[in-house]
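Please look over the chain shown below before reading on. The notes after it are grouped by topic.

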Amino acid sequence: MRLIDQTDENFLRTGKFGRYGGIFVPETLVISLNKLAAEFQLTLHDPKFQVKQVEGTFKDATSDAIRAWVEDLDNSYYLAGTAVGPHPCPAMVRKFQSVIGKETRKQALEKWGGKPDVIVACVGSGSNALGIFHEFVRDEDVRLIGVEAAGTGIDGAKHSATLAKGEVGVYHGAMSYLLQDDEGQIICPHSIGVGLEYPGVSPELSFLKDIGRAEFHTVTDKEALEAYSLLCRIEGIVPALEAAHALAYLDKLCPTLPDGSKVVVNCSGRGDKDVATVFQYEQEQQPQ
Ligand SMILES: Cc1ncc(COP(=O)(O)O)c(C=O)c1O
């Protein structure tokens with residue numbers, strides 16, 4: 001551990017992790033890189049530069065990020081990683097994520113000589129779904145299916161099914177479907193996939209629901225866990241628990257499709273981060 005600590009300290013100063021790293025660039029870049037390194041050192045030791053850990057869900061992290069931004073506009077920058085928040089954040093995220101759909105179109109053409117028939121993606125706040133949907137929104141022969149988290153059951157209080165159960169409201173600076181009670185207070189979302197625990201959803205997915213261009217369904221924690229295990233077992237791929245919701249929906253979808261249908265599932269992330277959650281869930285299911 002000491003070795004790692006010392007090496008890491010050295011890395012921040014010199015850019016060398018043992019024999020690795022360093023600066024192997026054309027001489028013309030050296031002055032710019034030196035200036036950047038000097039600014040980086042100053043920023044690192046500036047008490048105002050801090051990474052604060054937030055207890056709670058993605059919803060709480062977003063609230064804290066916006067709060068920190070409002071408190072210090074001159075020195076802070078709000079960087080949204082998902083398609084929610086005030087304009088232009090959702091538009092920027094959608095634009096950047098849309099490479100997923102473009103790549104899907106290209107690969108489908110190479111592999112199948114055409115478009116997919118159905119595209120399935122999980123929906124937390126909407127960035128991975130929009131990333132793959134956007135390219136195909138105008139192709140009405142491509143079915144777009146978003147899968148939300150039903151948690152412990154869509155009829156109870158523990159789910160994140162914003163499009164299925166929410167009402168329109170304003171949250172984190174934008175209007176969308178929202179999980180809220182009769183007084184307009186936010187209902188805390190729940191899902192075994194923490195990235196799906198958000199009470200709102202992107203404005204664009206809200207619109208696609210209203211015009212009927214995309215369909216939205218739900219999958220419980222239990223169904224997502226089964227899909228997670230199945231993909232590990234039969235493909236050797238460990239999907240994120242969020243993505244496992246999209247995979248789980250195949251169980252309901254595939255028997256309804258004609259033979260030979262081409263289905264793309266957006267695997268939004270890796271599941272090694274979720275191994276402890278899955279282990280704990282399985283332990284809790286064991287008879288005492
Ligand atoms: C792996 C993964 N997939 C999906 C999501 C859900 O977010 P979104 O609906 O914005 O893609 C998250 C959110 O953190 C995530 O980490």
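What is the order of the strands in the open sheet of 4 strands? The order is β7-β4-β3-β8, and the pairing is parallel. This is a predicted model, in which local features need pLDDT of at least 70, side-chain atom pairs count only at pLDDT 80 or more, and totals for chains, interfaces and linings use all residues. Residues are numbered from 1 along each chain as its sequence is written.

**The chain as a whole**

- The chain has 11 helices and 8 strands. Helices (H or I, at least four residues) and strands (E, at least two) are DSSP runs, numbered from the N terminus.
- The C-alpha trace spans about 60 × 50 × 50 Å along its principal axes.
- Of the 288 residues in the chain, 36% are buried. A residue is buried if 20 or more other C-beta atoms lie within 10 Å of its own, exposed if 12 or fewer, and partly exposed in between, with C-beta atoms placed from the backbone.
- Among the contacts in the chain with a separation of 6 or more, 66% are between residues 24 or more positions apart. Two residues are in contact if their C-beta atoms, placed from the backbone, lie within 7 Å.

**The open sheet**

- Two strands pair if DSSP finds at least two bridges between them.
- Strands β4 and β7 run parallel and are joined by 7 bridges. The bridge partner of Gly146 in β7 is Phe216.
- In β7, 6 of the 7 residues are buried, so the strand is mostly covered.
- Strand β3 (residues 118-122) runs parallel to β8 and is joined to it by 3 bridges. Val120 stands opposite Val265 in β8.

**The hairpin of β5 and β6**

- Strands β5 and β6 pair in the antiparallel sense over 5 bridges. Glu167 stands opposite Leu178 in β6.
- The hairpin has 2 residues between its strands. His172 lies in the loop between β5 (167-171) and β6 (174-178).
- His172 is not a glycine, yet it has a positive phi of about 45°.
- Is His172 buried or exposed? His172 is buried, because 21 other C-beta atoms lie within 10 Å.

**Helix α9**

- Helix α9 (residues 221-235) has 15 residues, which should span 21 Å at 1.5 Å a residue; the end C-alpha atoms are 21 Å apart, which agrees. The expected span is 1.5 Å times one less than the number of residues.
- The buried residues in α9 are Asp221, Glu223, Ala224, Leu225, Ala227, Tyr228 and Leu231.
- Among the elements that cover these buried residues are β4 (143-151), β7 (214-220), α10 (241-253) and α11 (275-285).

**The nonpolar core**

- The largest nonpolar core has 53 residues, and those with the most contacts inside it are Ile119, Ala121, Val123, Phe133, Ala224, Ala244 and Ala246. Helix α10 gives the largest share of this core, 7 residues.
- A nonpolar core is a set of buried Ala, Val, Leu, Ile, Met, Phe, Trp, Tyr and Cys residues joined through C-beta atoms within 7 Å.
- Leaving aside neighbours within four places in sequence, Ala121 is in contact with Asn128, Ala129, Ile132, Phe133, Gly146, Ala246, Asn266 and Ser268.

**Around the ligand**

- There are 18 residues around the ligand, of which Gly124, Gly195, Glu242, Ser268 and Gly269 come nearest. A residue counts as near a molecule or strand if its C-beta atom, placed from the backbone, lies within 6 Å of it.
- Helices α6 (127-133) and α10 each supply at least two residues of the shell around the ligand. The most comes from α6, with 3 residues.

**A cis bond and the chain end**

- His87 and Pro88 are joined by a cis peptide bond, with omega about 15°. Pro88 is in the loop between α3 (58-71) and α4 (89-97).
- Gln288 lies in the segment after α11. Gln288 is exposed, because 3 other C-beta atoms lie within 10 Å.
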